[in-house]
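Let's walk through a few backbone and side-chain details together. Have the sequence and the model at hand, and follow along with the questions below.

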Amino acid sequence: MAQFSWDNPGMKTTAKSELFRELPSVDEVLRIPGVETLAAAHGIAPVTDAARAVVARLRREIASGLLTSSALQLALTGIASAIEGQLRQALGHSLRPVINATGVILHTNLGRAPLAKSALAHIRETAGRFSNLEFDIDAGERGKRDTHVDRLFRSLLSDGAISAHVGTAASAVQPEPALSESSEPKRQSPAEAASSVSTIVVNNNAAAVLLALNTLAEGGEVIVSRGELVEIGGSFRIPDVMAKSGATLREVGTTNRTRVTDYEKAITDRTRLLLRVHRSNFEITGFTEQASTAELVALAQKRGLPLMEDLGSGALVDLQNFGISGEPSVLDSLRAGVDIVTYSGDKLLGGPQAGLISGRADLVARMRSNSLFRALRVDKLTYAALEATLLAYVKRDHDAIPTLKMMRLTKEEIGKRADSLSAHVRSSKLSIEITNGESVIGGGAAPSSVLPTRLLALSCEGLSADEFSARLRASDPAIIARVEQGRVLLDLRTVFADQDPVIAGALERIAS
Ligand SMILES: *Cc1c(COP(=O)(O)O)cnc(C)c1O
C-alpha cells in the first residue's frame with residue numbers, strides 16, 4: 001500500500017523528510033551527556049555500535065510512517081536509555097544459567113547433566129593455558145588425546161570394577177554365565193574381553209553410533225529388531241543414522257516381539273553386525289518378547305559376528321542402588337559379552353556432552369583409525385570435564401556428580417527443603433501446599449522409573465498457573481517449573497540447595 005494520502009498527496013513525504021532532518025547523526029548522539037557516560041563505562045566502540053543501531057531503528061520507523069514528530073521527540077529524550085538497553089542486549093549472553101525446578105534430572109532442553117565442581121575446575125585449569133592434550137611430556141613428543149581418559153575407563157570397566165558400583169548390593173550383580181558352546185577359539189571370553197576394554201570419545205552418542213556402524217558395517221547389513229528402531233528426541237533415528245553410515249538396515253521381528261531365531265534367520269554373508277538399541281524413552285508392554293542379551297551374545301559368537309549395543313544413557317554405577325531398575329550399566333553389557341557399547345557422556349554418566357564407544361580393543365582400534373573419527377573428535381574442554389568426572393567415579397565420590405547426587409536425594413530430604421522454602425515466603429496472595437509427587441530421570445533413561453519426591457504446589461491470587469509460570473521464567477535467573485492441573489509445581493530435587501533462597505525471593509516478588 002502506498003504511504004501517502006489522496007487528500008493531501010505531498011504532506012506525508014514532507015513530514016517524513018522533516019523528521020529525517022530532526023534525527024541526530026550518530027556523532028551528535030555520542031555527544032549527549034548520558035551517552036558519554038555510557039561510553040566512559042563500556043568503551044566507545046560498543047556504544048557507537050549501539051547508537052548506530054538505535055538511530056537506524058528510528059530511521060526505519062520514520063520511513064515506515066510509524067513516528068509522528070512528537071513521538072520522535074519523545075524517543076530522542078530517552079535515547080540514552082535506549083542505547084543502554086541495546087548495549088545490554090548486544091553485550092549480554094544468550095546462553096544463561098536457569099533454575100531447573102521441573103524435577104526432570106536430565107532435561108535435554110536445560111543442558112542435560114550439570115558438571116561436577118571438579119570438572120569445572122579442571123576445565124579452568126587446563127583450558128585457559130596450554131596443556132599436554134596431545135603431548136607426551138615424558139617422551140617429549142607427540143601424544144594421543146584419548147590417553148587422558150582411556151586409562152580411567154579401563155579401570156572403571158575392567159572386571160574388578162564391580163566394586164566401583166555403589167554400595168554393597170552391587171555384588172549381587174553377577175556376570176552372565178560363560179558361554180559354553182562357543183566354537184570360535186580366537187574369541188576372548190567375556191572376562192578377557194572386559195580386561196582389554198578400550199574407549200574412545202566423540203561428540204555425542206549419535207556420533208558414536210554413526211562411527212561404530214560405519215566402521216563395522218559399511219557396505220553390509222546390520223540386523224536390528226523392529227521393536228528397537230527408536231527415535232530419540234532431537235531427531236536421532238536409528239534408520240537415518242544407519243543410512244548415513246553406509247550400512248543397510250535389516251529389520252527383524254515385529255514391533256512387540258522379536259526372538260533370537262528372527263535374528264538368526266536374517267543372517268547372510270552380507271551381515272556385518274547385530275545391533276541392540278536400548279529403548280531409552282519408551283516401553284513396550286503387554287504381549288511382548290525380546291531376545292535376551294545372553295541369547296544375542298551366544299548367536300553372535302556362534303556366527304562370528306560382533307554384537308553392538310546402543311545403550312544411550314550408559315550408567316557407570318549400578319542404578320539398582322538408586323531405586324532405578326531396567327537401566328543396564330555399561331559394565332553389565334560388557335560383562336554379558338557385548339562387543340561394543342555406545343553411550344552418552346551427559347546422561348546417566350553425569351559428565352560433558354560426549355559419545356563414548358567402549359568395547360573390544362581390536363574393534364575400537366578400527367574406529368580410531370577411521371577418518372570419520374577425526375571429524376567427530378572432541379576438544380580439550382570435553383576431555384578435561386570427562387577426566388575429572390571419571391576420577392570422581394574412581395574415587396567412589398558419587399555425590400560429587402550432581403546428576404547422581406540428585407538421583408540419590410530422598411523424598412524426606414527434599415520435603416525438608418520444601419518446608420523451609422515455604423516458611424520463608426510470606427505473602428497472603430500465595431497459596432503453597434507440599435504434596436507427594438514424582439521426579440523423573442529424563443534424557444532418555446529409565447522411562448518407567450520415577451523417584452518419589454515432595455512438590456511445592458503453588459497458586460497465586462490474580463494469576464493463572466500459566467501466567468505464574470511465565471513470571472517465574474521472567475525472573476533472573478529464570479526459574480523453570482511444571483504446570484499441572486491449574487497449579488505451578490516446583491520439585492527441589494533438581495534445584496541446587498543454594499538456589500532455594502533465590503526461588504523464595506522470586507516468589508515473594510511475584511506475589512507482592
Ligand atoms: C540419547 C540417546 C542417543 C543419542 O545420544 P546423544 O548423546 O544425545 O547424541 C542415541 N541412542 C539412544 C538409545 C539414546 O538414549
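A polar contact here is a pair of N or O atoms within 3.5 Å, where, within protein, one must be able to donate a hydrogen and the other to accept it. Please keep in mind that this is a predicted model.

Q: Which backbone oxygen does the side chain of S427 reach?
A: S427 sits in the loop between α19 (411–423) and β16 (430–442). Its side chain makes a contact at 3.0 Å, and the cut-off for a polar contact is 3.5 Å.

Q: Is S427 buried or exposed?
A: Buried means under 20% relative accessible area. S427 has 16% relative accessibility, so this residue counts as buried.

Q: Where is R396, the residue with a positive phi of about 60°?
A: Most residues other than glycine have a negative phi. R396 is not a glycine, yet its phi is positive. At 41% relative accessibility, R396 counts as partly exposed. Its place is the loop between α17 (380–394) and α18 (402–408).

Q: What is the relative accessible area of Q485?
A: Q485 lies in the loop between β19 (482–484) and β20 (487–491). Its phi is positive, about 45°, although Q485 is not a glycine. Exposed means over 50%, and Q485 is exposed, with a relative accessible area of 83%.

Q: Which peptide bond is cis, with omega near 0°?
A: Most peptide bonds are trans. The cis bond runs from D476 to P477.

Key. Residues are numbered from 1 along each chain as its sequence is written. This is a predicted model: local features need pLDDT of at least 70, side-chain atom pairs count only at pLDDT 80 or more; totals for chains, interfaces and linings use all residues. Side-chain values use heavy atoms; hydrogens and water are left out. Helices (H or I, at least four residues) and strands (E, at least two) are DSSP runs, numbered from the N terminus. Buried means under 20% relative accessible area, exposed over 50%, partly exposed in between (1.4 Å probe, protein chains only).
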